[in-house]
Each structure stands twice: as structure tokens, then as C-alpha cells.
Amino acid sequence: MPTLQPDSSRSPLPEIHRAREMAESFGVDAERYDRTRPPYPDAMVERIAAAMPGTEVLDVGCGTGIEARQFQAAGCTVLGVEPDPRMAEFARRRGLDVEVATFESWDAAGRTFDAVIAGTAWHWVDPVAGAVKAAEVLRPRGRLAVFWHVFQPPRALEEASAATFKRVVPDSPINLHVRGAAGETRSAWELYQPILTKAADGIRGTGAFSDPERWRFDWERDYTRDEWLDQLPTTGALTRLPPDKLAEVLEGVGAAIDELGGRFTMSYTTGVVTAERVSR
């Protein structure tokens, strides 16, 4: 799933999980979200599943069930928790058991699990309260694994997309440009490290887990112009844009892809922060 880099000068990292309007806006077109968002690397799913003491998984912020279905295919039983009823209903139609709630307010009713996972969703969860809740519902040696897609477009597309977004939505708290605060060029993976660090710090602070590990999976995906423009409206920066402004953004990005010959290769890194629940 593509994610946009937070602009720390306008949107402090500690407050990302408080942006509830954005967090719960993805269900505006759940079918498009499910159709266009990329799945997670099979190697990642296999590694997490192998590190679990059993097969029962709780998927936090499960959305339409993209990663949940992958874990089901790997032999796991998955329960989803999702705050957006529209996303939850779509996931149910695809065969997933889902309860509607934020993770912090969700009632586990005494249930425990072998793993708690979150696919590109943990930044919408309070990193401290979320880690405490995960510890409460995990069995001894259970696995907490939170993971994100980080995407790195070709430089020409990144530059054109950033310029278009800044022109159309100049007051957005989201920074589409893959640059550091001082203007230096940095990779999307480097800029995403504060989010992974914050997740690890929240896990470590509970005292209930082994020291968090970071796993990294690099991969690529080819996109045509139409495929990328179909996916782009599912990103948090664009889900709430008025139709006319969204059309402007898509027109500008589409023109940049045309300059690349109508298709391009996106470089992805899927990053995992994971830890084992220590014995109680």
C-alpha cells in the first residue's frame, strides 16, 4: 500500500494516530481500495507465521482484509478489528470475521491470540496504548508484527507528483516529496524510519515483549498509467479531496507517467517491526 510521508514541520509525528478523519476515510471506496492496494510479500507472511506459537491471528485495522486473506491462505484463523464499518463490511463479504472498533477501545472479552498483526495501520493506533493492548491479548510467546509498505517512485514521477500536489493542495499537512526537512534528497525508506522507531519504542516501553526486531523485504511492481491513477485516490492525502481537486492531481500525475512512456516500475520496501510476548 502506498503511503505518504508526513511533513514533520506541519504534522508532528506523535499526533498521526489522532488524525481520525483521515484514518477512517479509506472506506469511501472500499472496492477500489481492495482492488488496487498491493498485497504483502509472501516471504513476510511466511516468516511471521513461522514465528507464531499457533495459528490464531488478530488483525488490527484490517481494512478490506488484504493481509488477513494472505494469512488465511497460510493456514491461519484471522479475526479483524476495523474502525470503519464500510471497510469491515467489505472484508466480511470476502470471508473475514470482523468486529468494528478502534483497537484501543475494542473488547477482547477474554480472547487471546498467537499473533497480533497490523498492515499499514499501526500509525493510526496509539503506539503506547496499542502495544499494551496487544500484550494483553497475546498468549505467551505470541508475536506482535506491525508492517508497512514504503514506496519509492522514479525520481521524475516523484518530483512531478509532489509539485502537482503542492499546487492543488498547498495547505495539506501531508508532504508528498521524498526529501528531508533541510531539503536533502533521502530515500522514502529513510524518511519512514521515525514511524518504525515510534512503533518499536511503544512496544519496548511495555516491558512485556522481547526487544523489537526490524525485518525488511524489498520488491518491485510495474504499473501502467491507468493502474497507478486507479490506486492513487486510495491514499490518505487524497481520500477526502473534492472531485475537482482530485481530478487535477490525477491529471498532473498522469502527465508525468506519460512522459515516462505510459508505465513505470515502483520500488517497494515492506518494513516489519516485531517482538515476542514474554512469559507472564
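Predicted model: local features only at pLDDT ≥ 70, side-chain atom pairs only at ≥ 80, totals over all residues.
Colleague: Why is Asp114 called buried?

Modeller: Its relative accessibility comes out at 7%, and buried means under 20%, so Asp114 counts as buried.

Colleague: And where does Asp114 sit?

Modeller: Asp114 belongs to strand E5, which covers residues 113–119. Residues that Asp114 touches include Met52, Pro53, Leu138 and Gly142.

Colleague: What makes the pairing of Asp114 with the side chain of Arg139 a polar contact?

Modeller: The distance is 2.9 Å, and the cut-off is within 3.5 Å for a pair of N or O atoms, one able to donate a hydrogen and the other to accept it. The side chain of Asp114 also reaches the backbone nitrogen of Thr55, at 3.1 Å.

Colleague: How do you know that E5 and E6 pair?

Modeller: Pairing needs at least two bridges, and six bridges join E5 to strand E6 (residues 138–152), so these strands pair. They run parallel. For example, Ile117 has Ala145 in E6 as its bridge partner.

Colleague: What order do the strands of the sheet follow?

Modeller: The seven strands go E4-E3-E2-E5-E6-E9-E8, in an open sheet with mixed pairing.

Colleague: Why are E4 and E8 called edge strands?

Modeller: Strand E4 (97–100) and strand E8 (213–224) each pair on one side only. From one strand to the next, the twist averages 20°.

Colleague: Which strands does helix H3 touch?

Modeller: Helix H3 (residues 42–50) packs on the sheet and touches E5, E6, E8 and strand E9 (263–276). The direction of H3 makes about 155° with that of E8.

Technical notes
Residues numbered from 1 in each chain as written. Heavy atoms only, no water. Helix = DSSP H or I, 4+ residues; strand = E, 2+ residues; numbered from the N terminus. Buried < 20%, exposed > 50% of the residue type's maximum accessible area, 1.4 Å probe, protein only. Contact = heavy atoms within 4.5 Å. Axes fitted to C-alpha atoms, helices over the stretch in contact; angles between N-to-C directions. Lists of a residue's contacts leave out its neighbours within four places in sequence.
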